[in-house]
Amino acid sequence: VPEGIIFQSQTAYKQLRKMLVEEYLVAVVSLPAGVFNPYSGVKTSILILDKSLARKTNTIAFFKVENDGFGLGAQRREIDKNDLPQVRAEIGEYLRRLHTGESVEGLRPTLGLIVQKEKIAANGEYNLSGERYRENGVGSHAFPLVRLGNICTINPRKSQLADLAPDTRISFVPMADLNEHRMAFQPSEEKQLSEVSASYTYFEDNDVLLAKVTPCFENGKAGVARGLLNGIGFGSSEFYVLRPGEQVLPEWIYFCVMHPLFRDAAIAQMTGTGGLQRIPRSYVEDFQIPLPPLEVQREIVAEIEGYQRVIDGARAVLDNYRPHIPIHPDWPMTELGEVCEAIVTGPFGTSLHRSDYVAHGIPVINPQDIVDGAISKDGVKMVSCDTRDRLKEFTVRENDIVIGRRGEMGRCAVVAAEMNGWLCGTGCFVIRLKAECNVRFTFFQIGSPKVRAYLEEHAIGVTMKNLNQGILSSIQIPLPPLATQQAIVAEIETEQALVAANRQLIARFEKKIQVTLACIWGEQGRSGESK
């Protein structure tokens, strides 16, 4: 189920949870947001229902999965952390005891807790968020809850603009100007007031813009309006405008509508068909957010903005770093074909059919599997051993360079040791170098902007650009002594390790933001988790 069912305060949700707790529910498993990427980042929970067991017990078990063996980003790359086996074992033991009539009093799940039904029913909310019932949890919202509609004007009227001159310059903000999960945005256009259509949405400095249509809402498009011409802006009719009242900061509104409690439940409330589903205005107006005093809001906003500045800086490093090798004029230049044992194309489409792919077998490297200079295992297609044997001439070896020849043309990566014996797919070439070339040095050259531009210029085809062996063979690369190549590679890899640390920094500070917001929503006491 989407997470909104777990905690939303509308009467229908409470009645549903009351019925489940009293008659059906035996356990809740909280899954992390991102489990269903790349299709959806919505946070979900599993409800385990069993009417006969529910009648036998006065408890409900709550389990929390933080890792499922894969990263929670869009690529879902395999990682070492996996809570699923432990959670499965603990659920199994809890259900076994219910079936046999044994007491669960002494059962202490490492990844969960067991809660009395009367505690869940105590305040009439029947909230199914397990963290709420921990001993060190807040147990209730730290600050009073208020309707957004009571502290904001939703889509303010344009009537106050009637006295402005028609040639007044105003900012225009198309949907593309709003960053994804970033509060700040830069208006890219300006118009005269007379040029603005009546269908456009009106807003002013310090109003909060919120995309209301899929997929823009799901992608996190929202922001606080700042720096508008004459303080006035217009934009897409697919924005909700939230104008904060005197008792709430615009940044506070932004953080609340970006919180999973708001967003996950909103997706479940969307109406419409196809790709144009929208959040109902009534949902936005009726949603309740915690409202601390203004001085507390300012303190928390400053804390989160400090974390966000660190995140923005780390992202800038990731976005802008490119390995660079200054070419010395004394280095000889040579064609790639002269330093290769072979440049092999993947099997033709007639050799490898869709029907050859199987659920488990030998992985096949296709262009879409080459991500950020590495070969991703996430979603890689596989063939049987018999198919691999039939196409064994397309087997890759450790330290081969694989490069996309069409579709994702020019993407390249070095084959890692654990990928020795995989197959090269139809859309790739395999570059196998002679001993006088350091593989990583050559890889950095092939992936350089200069070579990518060369490939784009010389690629053949009209509807889809394509590379051939001749184009790849003609790439000019520098060839300094092998010891020089190795020294340059060592320096670049040291830089890359420092750059990669920024990913960990981003994850760490995003967690700090989550913990800060969770405290305010009453999900976790500040003593319950170190920031």
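Is Arg315 buried, partly exposed or exposed, and what is its relative accessibility? Arg315 counts as partly exposed because its relative accessibility is 26%, where buried means under 20% relative accessible area, exposed over 50% and partly exposed in between, with a 1.4 Å probe and protein chains only. This is a predicted model, in which local features need pLDDT of at least 70 and side-chain atom pairs count only at pLDDT 80 or more, while totals for chains, interfaces and linings use all residues. Residues are numbered from 1 along each chain as its sequence is written, and side-chain values use heavy atoms, with hydrogens and water left out.

**Salt bridges**

- A search of the whole structure finds 20 salt bridges, each being a side-chain nitrogen of Lys or Arg within 4 Å of a carboxyl oxygen of Asp or Glu.
- Arg315 meets the side chain of Glu510 in a salt bridge of 2.8 Å, N to O; Glu510 lies in helix H15 (residues 482-520) and Arg315 in helix H10 (residues 294-320), so the pair ties together parts that are 195 residues apart in sequence. Helices (H or I, at least four residues) and strands (E, at least two) are DSSP runs, numbered from the N terminus.
- Glu510 is partly exposed, with a relative accessible area of 30%.
- Glu238 forms a salt bridge with Arg278, with the closest N and O atoms 2.6 Å apart; Glu238 lies in the loop between S14 and strand S15 (239-244) and Arg278 in the loop between helix H8 (260-269) and helix H9 (281-286), so this pair ties together parts that are 40 residues apart in sequence.
- Glu238 counts as buried at 16% relative accessibility, whereas Arg278 counts as partly exposed at 31%.
- Asp400 and Arg432 form a salt bridge in which the closest N and O atoms are 2.7 Å apart; Asp400 lies in the loop between helix H11 (385-390) and strand S24 (401-404) and Arg432 in strand S27 (residues 428-433), so the pair ties together parts that are 32 residues apart in sequence.
- Both Asp400 and Arg432 are buried.
- A network of salt bridges links Glu93, Arg96, Arg97 and Glu102.

- Gly233 has its place in strand S14 (residues 232-235) and counts as buried, at 0% relative accessibility.
- Leaving aside residues up to four places away in sequence, Gly233 touches Ser171, Thr201, Tyr202, Phe203 and Leu228, contact meaning heavy atoms within 4.5 Å.
- The C-alpha atoms of Gly233 and Val173 are separated by 7.0 Å, with the two residues 60 residues apart along the chain.

**Aromatic rings and charges over rings**

- The structure holds 10 aromatic pairs, in which rings of Phe, Tyr and Trp (its six-membered ring) have centres within 6.5 Å; planes under 30 degrees apart count as stacked, over 60 as edge-to-face and the rest as tilted.
- The rings of Tyr202 and Phe234 have their centres 5.9 Å apart and their planes at 45 degrees, so the pair is tilted; this pair links distant parts of the chain, with Tyr202 in strand S11 (residues 201-204) and Phe234 in strand S14, 32 residues apart.
- Tyr202 is buried, with a relative accessible area of 2%, and Phe234 counts as buried at 3% relative accessibility.
- Phe443 and Phe444 form a tilted aromatic pair, 5.5 Å centre to centre with 50 degrees between the planes, and both Phe443 and Phe444 are buried.
- Ring pairs link Phe217, Phe262, Tyr283 and Phe287 into a cluster.
- The charged end of Arg263 sits over the ring of Phe217, 4.0 Å from its centre, the criterion being NZ of Lys or CZ of Arg within 6 Å of the ring centre and within 35 degrees of the ring normal.
- The charged end of Lys212 sits over the ring of Tyr240, 4.8 Å from its centre.
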